[in-house]
Amino acid sequence: MGRGDSRRRRRGSGDQREDAAVEELDERVVHIARTAKVIKGGRRFAFRAVVVVGDNKGSIGLGVGKAREVPEAIRKGSERARKNMRQVALAGTTIPHEIIQEFGAAKVLLRPASPGTGVIAGGGVRAVVEAAGIKDILTKSLGSANILNVVQATMRALQSMRDPVIEARRRGVPARNLMPFWKRGEADE
């Protein structure tokens, strides 16, 4: 019995470390949709939860969970988001360059902003951008207002961002030429 107890304690201490890592992540439920399936006895309802998870340091993930109950859908979405976490390129508190990205009929414009601007974004885009740790950005959601597609377009846009230093090296130009204008002075110093 004594040996079994120590094993349990060891497992428990590992769980505490995992819990600490989980607590550092910023989890946001972007949207919950109720879906209905018509069956013989009437309608069967289920829920779809769109969850965004980020560490506020440039790493972000998106998950969609479906279940008969809301908490279960959120849990599934959160697990999928943690599995799908990706690193995105940042330039200080903003993004390195402007980008327009489409997903389905949703179209999203992301534009870098000078320090102090804040996050100018609506619903789904705001959740993704804030979870990624971006503090200054201008955005516009164009096209479809379907929240799932807008969030996926935003995720694709952030993942396709290129690091200005690597891109400058590839092009053979100074890195400061590719930085936003308010960052160029800092590169000279």
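**View 1. Arg34 sits over the face of Phe45**. The distance to the ring centre is 4.1 Å. A charge counts as over a ring if NZ of Lys or CZ of Arg is within 6 Å of the ring centre and within 35 degrees of the ring normal. This is a predicted model: local features need pLDDT of at least 70, side-chain atom pairs count only at pLDDT 80 or more, and totals for chains, interfaces and linings use all residues. Residues are numbered from 1 along each chain as its sequence is written, and side-chain values use heavy atoms, without hydrogens and water.

**View 2. Strands E1 and E2 pair antiparallel**. E1 covers residues 26-39 and E2 residues 42-54, with 13 bridges between them. Strands (E, at least two residues) and helices (H or I, at least four) are DSSP runs, numbered from the N terminus. Pairing takes at least two DSSP bridges. Ala36 stands opposite Phe45 in E2. A hairpin of two residues links E1 to E2.

**View 3. E2 also pairs with E3, residues 59-67**. The two run antiparallel, joined by eight bridges. Gly54 has Ile60 in E3 as its bridge partner. Four residues lie between the strands of this hairpin. In the turn, Asn56 has a positive phi of about 60°.

**View 4. Helix H3 packs against helix H4**. H3 spans residues 123-132 and H4 residues 147-159. Their axes, lines fitted to C-alpha atoms over the stretch in contact, lie 8 Å apart at an angle of about 35°. Angles run from 0 to 180 degrees between N-to-C directions. In contact (heavy atoms within 4.5 Å) are residues including Val128 in H3 and Thr154 in H4.
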